[in-house]
Amino acid sequence: DWSSDVYGIFGRYGAIRQVRMGDTQQTKGTAYVIYEDIYDARNAQGQLSGYNLKNRYLVVNYQQEKNLRTKLSVEEQEEELRRMQEAAGVDGAQH
């Protein structure tokens, strides 16, 4: 099943605290992987973005808890999104 696949693949990069699988129509196909260590999360993001899992390419994003993030301007958010899209090899358009 997908949950064990996610644990197996993401677990290679460090201790996982929790995996939550999307279970609604809007979140189907998504998983939230929470690592014990921030550096493991960053490493997994760098290594697994674009990874092919069962003929689907992973898009791995990194997100800190809201109280740890600094607020970015709209321009900075757009630039970050552009960098993530480029790294994942997607253009952001619906195809």
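E36 is partly exposed in this predicted model, with a relative accessibility of 47%, and the residue takes part in a salt bridge with R17 in which the closest N and O atoms are 3.6 Å apart. Because R17 lies in strand 1 (residues 16-21) and E36 in the loop between strand 2 (31-35) and helix 2 (38-48), this pair ties together parts that are 19 residues apart in sequence.

- The side chains of K54 and D5 meet in a salt bridge, with a distance of 2.7 Å from N to O.
- This pair links distant parts of the chain, since D5 belongs to helix 1 (residues 2-10) whereas K54 sits in the loop between strand 3 (52-53) and strand 4 (56-57), and the two are 49 residues apart.

- E79 and R83 form a salt bridge whose closest N and O atoms are 3.5 Å apart, and both residues lie in helix 3 (residues 74-88), four residues apart, which is about one turn of the helix.
- Both partners count as partly exposed, E79 at 32% relative accessibility and R83 with a relative accessible area of 42%.
- Through salt bridges that share partners, E79, R82, R83 and E86 are joined into one network.

**Nonpolar core**

- The largest nonpolar core has 14 residues, and of these F10, Y35, A44 and L48 touch the most other members.
- Helix 1, strand 1 and helix 2 each supply at least two residues of this core.
- When its neighbours within four places in sequence are left aside, A44 is in contact with F10, Y13, Y35 and S49.

- K54, the salt-bridge partner of D5, has a positive phi of about 55 degrees although it is not a glycine.
- N55 is likewise a residue other than glycine with a positive phi, in this case near 65 degrees, and its place is in the loop between strand 3 and strand 4.

Definitions and conventions:
Residues numbered from 1 in each chain as written. Predicted model: local features only at pLDDT ≥ 70, side-chain atom pairs only at ≥ 80, totals over all residues. Heavy atoms only, no water. Salt bridge = Lys/Arg side-chain N within 4 Å of Asp/Glu carboxyl O. Buried < 20%, exposed > 50% of the residue type's maximum accessible area, 1.4 Å probe, protein only. Core = buried A, V, L, I, M, F, W, Y, C linked by side-chain atoms within 4.5 Å. Contact = heavy atoms within 4.5 Å.
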